[in-house]
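Me: I've just opened this one and I'm new to it. Can you walk me through it?

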Amino acid sequence: MTSEITDLSAFSNTSKSRETRFSGLSIPINLANFSGIMIAAVILSLWATSLGILLSLDISNLQLLWIIPAIFWQTFLYAGLFITAHDAMHGVVFPTNLRINHLIGAITVILYGLFSYTKLLKKHWLHHRYPATEFDPDYHDRVHKSFFGWYFHFMKGYSNWKQLLGFALLFCLLAGGLHIAKINLILFWIIPSILSSLQLFYFGTFLTHREPKEGYTNEHRTTSNHLSPFWSFITCYHFGYHKEHHEYPHLPWWKLPEVYQK
Ligand SMILES: [Zn+2]
Ligand SMILES: [Zn+2]
């Protein structure tokens, strides 16, 4: 895995050029280097703690009024896991040590959905190199352009039977071995992970890469969701400032509002 990742080193960029890219922004590069790993640690800790608590709850004592917000909260944290992995793919979770950076990426994609980080890294590189074209693994198949048609095509490209088998085995292990209630696993583990994939796809791919009526107007063949920084964060950790992400792919998610142009 390491050698394949090294082959994609151009995607992760060099520290010198990264420094140049950061230079116009308000924080020094040294602080940016450690901010990424600290933010990733907060997201990972929140996700793990929240999941642990939710899986141990006795559902029969909970009102629906609390279950629904809990599902949405866990969905939001799942999206955060993926956003952290995505930043790792761009080498900005821990820019000073890309080995640790990619290790964090590999851990987060496994926790997110038993994905192979190397495969995701290659596909994401293709997405940035050939956005919204036939070579882009995130783009629709030119037939199914509707939200769900595109979503299923997108998910098919990222899923395989080994992953599904892994999920089935893990479910049995957690329910049978650790005696976690199946309903908790479904409500707080499976449903939030599926909902977050819909969330990420809708705000970060469908809205941002679908072809406008007048056709694409920039080389990245993308647009941004015009939301305030607050709603941009709530909806998808600023992944919706997508034109800016393609223009400045080595900025971490939390710096995108600074370069967002209305
Ligand atoms: Zn994109
Ligand atoms: Zn990207």
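Reply: His179 is exposed, with 7 other C-beta atoms within 10 Å. This is a predicted model, where local features need pLDDT of at least 70, side-chain atom pairs count only at pLDDT 80 or more, and totals for chains, interfaces and linings use all residues. Residues are numbered from 1 along each chain as its sequence is written, while chains are lettered from A and ligands numbered from 1 in the order in which they are written.

Me: Where does His179 sit, and what is its phi?

Reply: His179 is in the loop between α9 (161-177) and α10. Its phi is positive, about 55°, although His179 is not a glycine. Ala132, in the loop between α7 and α8 (147-158), also isn't glycine and has a positive phi near 55°. Ala132 counts as partly exposed because it has 19 C-beta neighbours inside 10 Å.

Me: OK, zooming out: how many helices and strands does the protein have?

Reply: The protein has 13 helices and zero strands. Those are DSSP runs numbered from the N terminus (helices are H or I, at least four residues; strands are E, at least two). Of its 262 residues, 32% count as buried.

Me: What about the pLDDT, on average?

Reply: The average is 89, and 87% of the residues score at least 70. pLDDT is the predictor's confidence in each residue, from 0 to 100. Over residues 1-7 it stays under 50, and over residues 12-28 it is below 50 too. Where pLDDT is low, the predicted coordinates should not be read in detail.

Me: Which residues touch the most other members of the largest nonpolar core?

Reply: Ala79, Phe82, Ala85 and Phe239 do, out of 31 residues in that core. A nonpolar core here means a set of buried Ala, Val, Leu, Ile, Met, Phe, Trp, Tyr and Cys residues joined through C-beta atoms within 7 Å. Helices giving two or more residues to this core are α4 (29-56), α5 (64-89), α6 (98-113), α7 (117-129) and α10 (182-209). The largest share, nine residues, comes from α5.

Me: And what is Ala85 in contact with?

Reply: Leaving aside neighbours within four places in sequence, Ala85 is in contact with Gly105, Thr108, Val109 and Tyr112. Contact means that the C-beta atoms of two residues, placed from the backbone, lie within 7 Å.

Me: Which residues of α7 are buried?

Reply: In α7, the buried ones are Tyr117, Leu120, Leu121 and His127. They cover an arc of only 120° around the axis, so they are on the same side of α7. That arc is the one made by the directions from the helix axis to the C-beta atoms.

Me: Switching topic: where does UniProt place "transmembrane region"?

Reply: The unreviewed UniProt entry puts that feature at residues 34-57, 64-83, 103-121, 164-181 and 187-207. UniProt positions follow the numbering used here, feature names are shortened, and annotations may be inferred rather than shown by experiment. In the model, residues 164-181 are 78% helix and 0% strand, with end C-alpha atoms 20 Å apart.

Me: Last one: is Pro252 buried or exposed?

Reply: Pro252 counts as buried, with 23 C-beta neighbours inside 10 Å. Pro252 lies in the loop between α12 (242-247) and α13 (256-259).

Key
A residue is buried if 20 or more other C-beta atoms lie within 10 Å of its own, exposed if 12 or fewer, and partly exposed in between; C-beta atoms are placed from the backbone.
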